[in-house]
2 protein chains.
Amino acid sequence: MNTRELVELAQQLRVDSVRASAAAGSGHPTSSMSAADLMAVLLAHHLRYDFDRPDHPGNDRFVLSKGHASPLLYSAYKAAGAIDDGELLTFRQLGSRLEGHPTPRRLPWVETATGSLGQGLPVGVGIALAGRRLDRTDYRVWVLCGDSELAEGSVWEAAEHAAYEHLDNLVAIVDVNRLGQRGPTRHGHDLDAYARRFQAFGWHTVEIDGHDVDAIDRAYGEAVSTKGQPTAVLARTLKGKGVEAVEDREGLHGKPLPDAEEAVAELGGPRSLSVHVQEPPAARLLHAVREEQVRLPRFEQGEEVATRDAYGKALAALGAGRGDVVALDGEVSDSTRAEAFAKEYPERFFECYIAEQQMVAAAVGVASRGWVPYASSFAAFLTRAYDFVRMASVSGAGINLVGSHAGVAIGPDGPSQMGLEDLAMFRAVHGSTVLYPCDANQTARLVAAMADLDGIRYLRTSRGKNQVIYGPDEEFEVGGSKVLRSSATDRLTLVAAGVTVPEALAAADALDREGIQVRVIDLYSVKPVDRLTLRQAAEDTGCLVTVEDHHPEGGLGDAVLDAFLDGRPMPRLVRLAVRTMPGSAAPDQQLHAAGIDAESITAAVQLLVEQAVVR
Amino acid sequence: MNTRELVELAQQLRVDSVRASAAAGSGHPTSSMSAADLMAVLLAHHLRYDFDRPDHPGNDRFVLSKGHASPLLYSAYKAAGAIDDGELLTFRQLGSRLEGHPTPRRLPWVETATGSLGQGLPVGVGIALAGRRLDRTDYRVWVLCGDSELAEGSVWEAAEHAAYEHLDNLVAIVDVNRLGQRGPTRHGHDLDAYARRFQAFGWHTVEIDGHDVDAIDRAYGEAVSTKGQPTAVLARTLKGKGVEAVEDREGLHGKPLPDAEEAVAELGGPRSLSVHVQEPPAARLLHAVREEQVRLPRFEQGEEVATRDAYGKALAALGAGRGDVVALDGEVSDSTRAEAFAKEYPERFFECYIAEQQMVAAAVGVASRGWVPYASSFAAFLTRAYDFVRMASVSGAGINLVGSHAGVAIGPDGPSQMGLEDLAMFRAVHGSTVLYPCDANQTARLVAAMADLDGIRYLRTSRGKNQVIYGPDEEFEVGGSKVLRSSATDRLTLVAAGVTVPEALAAADALDREGIQVRVIDLYSVKPVDRLTLRQAAEDTGCLVTVEDHHPEGGLGDAVLDAFLDGRPMPRLVRLAVRTMPGSAAPDQQLHAAGIDAESITAAVQLLVEQAVVR
């Protein structure tokens, strides 16, 4: 396209953004209009993409980090022939694929859900990493960012990661339109302020007038030809560009234009340009190759092994058996034991340093390219990435997250290092799976099983060693449980998981010596829970006592409820959990202080028996 | 102190760090040894602090951002005479104040809990902001950071915030010891790499040899005399400095020295230097002044008002009545309605731009100085700051967090903007309070009530308008509830909160017309819950149906369980919640699709009656 045609295309994108938002009665047309020229030039001259084959391995990848500018994205889809005008006007309606913020759940051309700002670039870095180090294909990753979102620290985690990995296949296009939602940004139109920051982190930068299509064209060309470092194209633009009533004005964020018809006329009226997007170059998928069988590590019953050690070994075994498994870690791989994988498969291991948001984003990025990521840190520090986990579930991304050092059982390091909210956090994520193994063989099986599930999968591991309870051939279904003690005279059921399983077993044995029989269930699958087994236990024993190394809210105690929420008769419930703010102490002292060790469980059950609460 | 004495003091800090860790059998002596000279010079020459009066308003504030170097901190306390050698050797033991990572819950000289990296500087920015804009006192804030933690984006949110606010009362001292937990950092000893970044964000930087006490002394002096911008002192150090067996070596993070006795000898043996820390200058507390009475806004019953609007008005009213209330927002004050406060009290309003971690950290910082912060963003985006919320609770910080635009009720913007995990997230925080009002008068009362609670207080507000249900004189106890429909023939109880309250009322009325009476409870206090009222409803009606605009896990449905966890007979339970991943649609369509509108509730109750699940 020549200059005039590019200008026309950009105007069409503006017109269609205005029209879509007007039809919806909501949306962000002004945020779309500022970036219309940036999008037009990308679409017409630089993006290589087959809209009929979104899974084409050679396709460039485009991420709309400023996800609220979805009218612009959908207008671009229309110009490229991927959707028609009728569909464009379904924007934001019930059942439409064209949501307020784009998601790959509904649209095959969207790489990752955006709408929580500061996430598109971090995920883009993950995709670019996959391109360079896994797919080894020359696709480029283009990320259109807003200027407001550069205030998010996650953007600078991404900037650091991208430059360190020399991702010259990554281009950040920053639409510096000066205005955030509520008013001016910190730096207004000071492109240099952004350039200094990106340069300091090791990026190449280009500063341009974002409404000069020739300048944009040259900037993209410069980005593509820059080697050894990512490029940020910093574009000075005007929000609402092209319509005087809204151009560069405050107070108009996230609103349809006051008079859409007049605006369309001012923009030169509707157009029906279609743009031929370049075909991607031929490319092939690398990771289709899989070996025959995964040979999981086997542990002897009675052996003392930490579940985090079992995780590392199982992950390495998975790496041997499956070429599509990759691992990421947040600078604690010696603790999470991801190092076992890193040593064997360095080419599939990504050190993310202490930047948990970027780690999860990178996992989402590589998962979008078909890889199966396992990302690990301390359970406590995964809270840092909760918004990324939430958005990954909006994306429908399939990622495995592993939190080690869970609970008070870590001992003297104190509460800052203890994951005591992680089960609640991951259970509340839509479609998630939450697993909490108690021994090494169980861990190994679950690590393998989680690889092929949908959505967010979370595995909680423990710091300390404990006895292997199960044999190496025991199988563990996701959504299952194990009944470890059971008799016809059980007076209640102890429901435990992870570190509280051995405590519950010891309590059951102590109680048995006093003539009190109790059932013990290992509820390793915290979500989904084994409804049938819990219901049977409720029916047989009438009372469930949950024991968990987690705060009382949202964890194991709440999870058992999932078996009883259809109005059926309920068992009595008692919850043992961490109700105080722990300090430093040895692991056994911590479990005792929290009232979740064998002695505390025994005492609690004795009290229930004395009070005749149980049968 | 002269150079020789400073060197001796630093050696003493090393010796005591080694001894404390040896006594504990765990800890981070090598991370302490790298920063010993930095700490010695600060303590002896620059810090102004009265250890007998940690609440002295003129005290400088010291934050150990690299919280794992707690042996160094405690050794400094000993040198300053604040603790004795006996206490130093209780490090990490059960009941000791000297935890693995320092917390203000136990030690009066600690400003904020650290141990999750990248949080000390953000909180330090909050304290420095309080000093400049609220306390208007000349205390300085010194933050000792590690180099590894500079990979956290939150550090760059803090850097941006501090420079933008020209916080020349803030000094970041970066202990660049080259080694993280698992190995070398990205930038090793390249001080320039860090200097470029800090400078790009607007900081003054000084690069020094971190083991040259005179250079350190000059650098601190330069920091103190630098006006208009914060200073980062970038110090090249060696991890484990002074003991050959561990100096600058990998694989020794977080471990006591292999031979402590030999190490102490190599360091020149124990010393018993005491250091006289400078007195703080005279200063006075500003915010002790309070006006007589808070005049909350009053809304008419039947009026249509969004709870977020009521929040803004109530906050402004609180601002008028209380000089200690401050507000922070993440660049969405026009949406959260914090703008109502910002317009009236700009000197007590902090615009944090799109940086939710920094917003919460700043709130923790100003709270540590005795102010009462209200920090707001969309409920969805508060997930971004979960690790900061978690650590705030470890600190025992008293902060108010307000999440607007909760749930599917926001309508067409789609799932990225919907808080659907926030109740779970905040409930799981130790000692938290979680409030979810359904109308404007209730909101206003709760906004005022939460100001004086302990710990993390969360208020959930809604985007859309709804009818005011309660009169302006109605009172709402935290931990209470309101029974809105009740009769002797209630067949079950609907438990609702926020947007589902009007839906539950409409359902109750529709059911009543069919001859089915149901009780309706407005459970606005989600944590703590009103146990007595829920138990009475269970006894009277036998079945609780919870209705919530939140994912099923960890929210209202789990909250009611808190009334029944002592083994008492349980009511039957049914949960209506958001079980799907929503798309875009109008608010009423969203509530219907999720099965939580009046029609869905009515249908669910009818089914329970037909199936004879209820009486």
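**View 1. Pairing of β4 and β5 in chain A.** Strand β4(A) and strand β5 (residues 231-236) of chain A run in the parallel sense and are joined over six bridges. Within this pair, A:H204 sits opposite A:T231 of β5(A). The model is predicted.

**View 2. The parallel open sheet of chain A.** Five strands of chain A make up an open sheet with parallel pairing, in the order β1-β2-β3-β5-β4. At its edges lie β1 (61-64) and β4 (204-209) of chain A, each of which pairs on one side only. From one strand to the next the twist averages 15°. In general, the strands of a sheet pair through backbone hydrogen bonds, in either a parallel or an antiparallel sense.

**View 3. The mixed open sheet of chain A.** Another group of five strands in chain A, ordered β14-β16-β15-β18-β19, forms an open sheet whose pairing is mixed. Here the edge strands are β14 (482-485) and β19 (572-576) of chain A, and each pairs on one side only. Ignoring direction, neighbouring strands are turned by 25° against each other on average.

**View 4. Strands β15 and β18 of chain A, with helix α23.** Strand β15 (residues 493-496) and strand β18 (residues 543-547) of chain A run parallel and are connected by four bridges. A:A496 has A:V547 of β18(A) as its bridge partner. Helix α23 (residues 598-610) of chain A packs on this sheet and touches β15, β18 and β19 of chain A. The direction of helix α23 makes about 150° with that of β19(A).

**View 5. The contact between chain B and chain A.** Chain B contributes 104 residues to the contact and chain A contributes 105 residues. Interface size is often stated as the accessible area that is lost when the parts come together. For chain B and chain A the buried area is about 8700 Å², with 52% of it on carbon and sulfur atoms.

Methods. Residues numbered from 1 in each chain as written. Chains lettered and ligands numbered in written order. Predicted model: local features only at pLDDT ≥ 70, side-chain atom pairs only at ≥ 80, totals over all residues. Heavy atoms only, no water. Contact = heavy atoms within 4.5 Å. Buried area = accessible area lost by both parts, 1.4 Å probe. Pairing = 2+ DSSP bridges. Helix = DSSP H or I, 4+ residues; strand = E, 2+ residues; numbered from the N terminus. Axes fitted to C-alpha atoms, helices over the stretch in contact; angles between N-to-C directions.
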